[in-house]
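Dear colleague,

Please read the two side by side.

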Amino acid sequence: MNVLWLQRLSCCGNTHSLLNCETFNALLKEVNFLFHPSLSLESEEELLSDITKGNVKLDLLILEGAVKMDDQRIKELCYIAEYVIAVGSCAVYGNVPALKDGNVCGLQYRFKEKGGLLGEDFVSKGGLPVINLSGCPAHPEWIVGVIRSLSKGIKPALDSFGRPKEFYSSLTHWGCTRNEYFEWKIEPESLGSKKGCLFYNYGCRGPMTYSSCNTILWNGMNSKTRAGTPCFGCTEFDFPRVGLFETKQFAGLPAELPIGVSKRGYIMLSGVAKMFAPERLKSED
Amino acid sequence: MRIEKRLLSRVEGTAELELIWGNGYVQDVKIKIPSSRGIERVLEGRPFMDALVITPRVCGICGHAHLMACVKALEDAIGNVKLTQKAKLVRDITLTVEMIQNHIKWFYLFVMPDFIRLGEKIEDFEPFKGKKWKKAINASSQVVKIIAIFGGQWPHSSYAVPGGITSNFTTSDISRALSIAESVAEFFLEDVVGMDEEGFRSFRSAGLWEELKGDIGLFVNLCIKHKLEKVGSSYGRLLTGGEVFPCITPGHFTGEKKLCSLNLSKIKEVGSPSYSSVKVVRYNGLPYETGPLSRQFLSNNPFIKKLYKAYKDSYMTRVMARLLEIWELLDAIREKLYGLYALIKEPSYYHPYQKVEKVSGEGLGMVEAARGTLIHRVHISKGIITKYHIITPSVWNLGPRCEKYLGVAEKAIIGLEHPLHAEMVLRSFDVCSVCTTH
Ligand code: SF4
């Protein structure tokens, strides 16, 4: 499978995320990287003109970074490629580069609006819309996982934002080491603790964010929430929200509740949880 | 006169070189770096803690340094923030780890493949295929695991917050980090310098760079073969603003004999010419080079002292400084990791202010990033950022000319006779365009 990786407005963080993949070198045996701007010796222009002339087959185009709305080059390549992946929240939603520039967007979205550079009806030759690997950056295993599936002829099932369900159907909250504290509604005394859940006071978006950060760990080691940093919801279209370390409260309740939880249910459960929380969870060591 | 435009790949982001040729050599050069992502403007009007999440997004390869400069700037603005020794050490460790990651990738992925383009048959360094190329990626992905242990993930962690760090850890976490550092030290000895630790240390104390084997030995041979050991010098004025204890101390070198301390008020930005969207930064009105060459020279690395004496701030010296810095950093990390065991009971964090709405002030954060001195400046009013300003290392090195002086990299390229050499000299500064035009 011929893979082309291109960059537009980005910090190149997805490239470095990819290079962290434990099996990156093995992947190189399975697929053929035609070009990557940070890695290749060849000239980008020559290769791209070979692709547009049809001399080189393009099986998978991976775009990192947000695009300008009039980027014809990328548009053309998206129609030539069998499959198109937008890697990282910039390429998916526009993200940081689009915040202050109305002419910047993602491949098939601009934040939550469908459309983006390619329009809402875009389907690549292989029959899929843009495969969106959101995240700032996307996790290396998600990137490599999807590349591998495609190279084996398996089309990933996508959610309503075009994200592969395999990696985005569960919440970041799932697998967090602080789950027990979440259940019993125990917050940490302060930051810098292994204990306590960050949902109540520190703005953790884990229960409102789809990602597998706590089941497929970062660098094979850890995750933000395990390291005491709240989840900032970087796989969702509204990243980076204002007030990233704060839990907005409304009438004594978190203004946003975990996905699928009703206000009534939350109030009932949290009352009971607080009352019966085990003592062992309340002390620091 | 002939104008040649070259688009550079294998850098962080993209850069364009405009070379003006005459009489067989480069008469003038302009370095152009495209579009900015407006990160400073995104920060204005937000609660100050948001900067800890947004500033790392300036750069995928050195985002952690942005986090550290940011947290320091915020702490400076808050005022009277006390950190535990434990939090300080961990921050130092993770910042240093990111530099090591960068230096390994830069040499194997960006520098060595240039010699393939010069016609050398060094298949081991070929992108996507070469043994060495793959091994380097492996080593750099190993070392950042240390950041993940303390900071959750790399890239784009936000674990350093005013008052400390968000994580806590156990002795076995420290031990794990230590064993990763050891394995990277092994990589350095076996592959980069091709000798055992004892041998390396003795050559180091005498500064005998000619004795180095391994990939650095190969690099030296190739430089001499292609006459790159002497070219690529700039002003020879070197500056380091941040500190990595104990191996890097701030200061500046004016090109004359004396090493001087640094006076922050002498760092000024001046107007940039029309061809560039990058700012111009000067120290005492003069252009200075920042980065590993400055750091290793100012901290008296014996190898670099000798190299500088023989070849000044040439292409070869600059590359060697960055590569040999890996060892200095590894040494510092190991020492600090050992030091952490005794501090394990200290808190990771103290809450540094009463009420967020009461926080107002100006702050400056300066750290050493992989490419040199990084400065963040913040203004906070009632908990909200009113102004944010970043000077990256690449602004020092790749920034354009001012009325009086050429930019540092521009000066280094003038006089070269081969377009590929021009690209290589530019790459020796470790080009990061994403940082330059945040
Ligand atoms: S810290 Fe966040 S992800 Fe972890 S349990 Fe609490 S809400 Fe869930």
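In chain B of this predicted model, four strands form an open sheet in the order 8-7-6-11, with mixed pairing, where strands are DSSP runs of E of at least two residues, helices are runs of H or I of at least four, both numbered from the N terminus, and two strands pair if DSSP finds at least two bridges between them. Its edge strands, each pairing on one side only, are strand 8 (259–260) and strand 11 (289–290) of chain B. Strand 7 (residues 251–253) of chain B runs antiparallel to strand 8 of chain B, with two bridges between them, and B:Leu259 in strand 8 is the bridge partner of B:Phe253.

As to conventions, residues are numbered from 1 along each chain as its sequence is written, while chains are lettered from A and ligands numbered from 1 in the order in which they are written. Local features need pLDDT of at least 70, side-chain atom pairs count only at pLDDT 80 or more, totals for chains, interfaces and linings use all residues, and side-chain values use heavy atoms, with hydrogens and water left out.

Between the chains, the contact (heavy atoms within 4.5 Å) takes 52 residues from chain A and 62 residues from chain B. The area buried there, that is, the accessible area (1.4 Å probe) that the two parts lose on being put together, summed over both, is about 4,900 Å², and carbon and sulfur atoms give 62% of that area. A:His16, A:Leu41 and A:Met221 supply 14% of what chain A buries against chain B, more than any other three residues.

Two salt bridges are counted between chain A and chain B, a salt bridge being a side-chain nitrogen of Lys or Arg within 4 Å of a carboxyl oxygen of Asp or Glu. B:Asp173 forms a salt bridge with A:Lys194, with 4.0 Å between the closest N and O atoms. Over all chains, the whole structure holds 44 salt bridges.

Within chain B, B:Lys135 and B:Asp191 form a salt bridge whose closest N and O atoms are 3.0 Å apart. This pair links distant parts of the chain, with B:Lys135 in helix 6 (residues 131–143) and B:Asp191 in helix 8 (residues 171–193) of chain B, 56 residues apart. B:Lys135 is partly exposed at 39% relative accessible area, whereas B:Asp191 is buried at 5%, where buried means under 20%, exposed over 50% and partly exposed in between (1.4 Å probe, protein chains only).
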